Amino acid sequence: MASSSLFFSHPLPCPSPARYFSSAKKNLISSIRCSSASTQRQELFNRIAPVYDNLNDLLSLGQHRVWKRMAISWSGARKGDCVLDICCGSGDLTFLLSDKIGSQGKVTGLDFSSEQLSVAAHRQGLLEKPCYQNIVWVEGDALFLPFPDNYFDAITVGFGLRNIVDRRKAMSEMLRVLKPGSKASILDFNKSTQPLTTSVQVCSSSKSFYLSLSNLSMSLKPYATDVGKELEELSLEVGFSCAKHYEIGGGLMGNLVATR
């Protein structure tokens, strides 16, 4: 991978500490800021990083790829944009965003798990697609985004909001760093009232327990997700101008689109 794709000191003022690094884990700027509850989840995702992609395939029967492409479309990201993927994990949505905005744009993938980011940076080196040189990986907390106000043209979150300890604060942070008129597209499990859908979600949860991921499975209970209307109301309460929640995957999944 060319040296231009490695991490260097961020050229913009940062409201909170963050960590910028390449697959070689160089250029450590400072430790990230996390609450104790966030730290527990951070440790969990560091442990499951090697099997995270396989887990997504298992629990979604491979359909997560389709849903992620839908989330990208709803984000409104365009060629040349500066975009952010929060809770980026191993980088699926981040790479799709890079494809969408092209080599002239800039993509930041942010996650609180250094091991997940190591997997993402390694994938970036293997894929060798020219537009992927526009991606930087940042270890940081979604509750304290290390970016200036009014900076990003679009934000995505894929299967991450349920694992954030304070969703109101996270939504407020997204609002802060988005440019006026820009969108946040948030994909996650949907809290369905349909018996069939609910039974499938319970089955998926039991599989993750079998894989010794009980903490991850338990995170579905308080979120999984909030009812779509509740997410729309939360978005409006923190200051978004409009919000719409779409049920997809037969109601198993939901995608919130919130416009600043």
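# Reading helices, cores and charge pairs

Visitor: Which residues of helix α9 (residues 228-238) are buried?
Guide: They are Gly228, Leu231, Glu232, Leu234, Ser235 and Val238. Buried means under 20% relative accessible area, exposed means over 50%, and partly exposed lies in between (1.4 Å probe, protein chains only). Helices (H or I, at least four residues) and strands (E, at least two) are DSSP runs, numbered from the N terminus.

Visitor: What kind of model is this, and how are residues numbered?
Guide: This is a predicted model, in which local features need pLDDT of at least 70 and side-chain atom pairs count only at pLDDT 80 or more, while totals for chains, interfaces and linings use all residues. Residues are numbered from 1 along each chain as its sequence is written, and side-chain values use heavy atoms, with hydrogens and water left out.

Visitor: Back to α9. Why do its buried residues line one face?
Guide: Start with the general idea. An α-helix has 3.6 residues a turn, so residues three or four places apart point the same way. Now α9. The buried residues are Gly228, Leu231, Glu232, Leu234, Ser235 and Val238. Seen down the axis, they fall within an arc of 160°, so they line one face of α9 (the arc is that of the directions from the helix axis to the C-beta atoms).

Visitor: Which exposed residues sit on the face turned away?
Guide: Lys229 and Glu237.

Visitor: What covers the buried residues of α9?
Guide: The cover includes α6 (167-177), β7 (242-248) and β8 (253-259). After α9 comes Gly239, with a positive phi near 125°.

Visitor: How many helices and strands does the chain have?
Guide: The chain has 9 helices and 8 strands. Buried residues make up 53% of its 260 residues. Now look at contacts (heavy atoms within 4.5 Å). Take those with a separation of 6 or more: 72% join residues 24 or more positions apart. The accessible surface of the chain is about 11,400 Å² (Shrake-Rupley method, 1.4 Å probe). Carbon and sulfur atoms account for 55% of that surface.

Visitor: How many residues does the largest nonpolar core have?
Guide: The general idea first. In soluble globular proteins, nonpolar side chains tend to be buried together. A nonpolar core is a set of buried Ala, Val, Leu, Ile, Met, Phe, Trp, Tyr and Cys residues joined through side-chain atoms within 4.5 Å. Here the largest has 30 residues. Leu84, Ile86, Ile155, Met171 and Met174 have the most contacts inside it. Two or more residues each come from β2 (82-86), β5 (152-158), α6, β6 (178-189), α9 and β8. The largest share, 5 residues, comes from α6. Another core, of 25 residues, lies apart from it, with Ala77, Leu96, Ala154 and Leu187 among them.

Visitor: Which residues is Met174 in contact with, leaving aside neighbours within four places in sequence?
Guide: Ile86, Leu145, Ile155, Val157, Leu161, Ala184, Ile186 and Phe240.

Visitor: Now charges. How many salt bridges does the structure hold?
Guide: Side chains of opposite charge can pair when their charged atoms come close. A salt bridge is a side-chain nitrogen of Lys or Arg within 4 Å of a carboxyl oxygen of Asp or Glu. This structure holds 10 of them. One pairs Glu237 with Arg168, the closest N and O atoms being 2.7 Å apart. That pair links distant parts of the chain: Glu237 is in α9, Arg168 in α6, 69 residues apart. Glu237 is exposed at 53% relative accessibility, and Arg168 is partly exposed at 41%.

Visitor: Which residues are linked in a network of salt bridges?
Guide: Asp149, Lys169, Glu173 and Arg176. Glu173 bridges to Lys169, with closest N and O atoms 4.0 Å apart. Both lie in α6, 4 residues apart, about one turn of the helix. Arg176 bridges to Glu173 at 2.9 Å. Those two also lie in α6, 3 residues apart. Glu173 is buried, at 9% relative accessible area, while Lys169 is partly exposed at 30%. Arg176 is buried, as is Glu173.

Visitor: Is Lys68 buried or exposed?
Guide: Lys68 is buried, at 6% relative accessibility. It lies in helix α3 (residues 64-75). The Lys68 side chain makes a polar contact with the side chain of Asp92 (2.9 Å). A polar contact is a pair of N or O atoms within 3.5 Å; within protein, one must be able to donate a hydrogen and the other to accept it, and residues adjacent in sequence count only if both atoms are side-chain atoms.

Visitor: With which side chain does Trp137 make a polar contact?
Guide: With that of Gln124, at 2.7 Å. Trp137 sits in strand β4 (residues 135-139). Trp137 is buried, with 0% relative accessible area.
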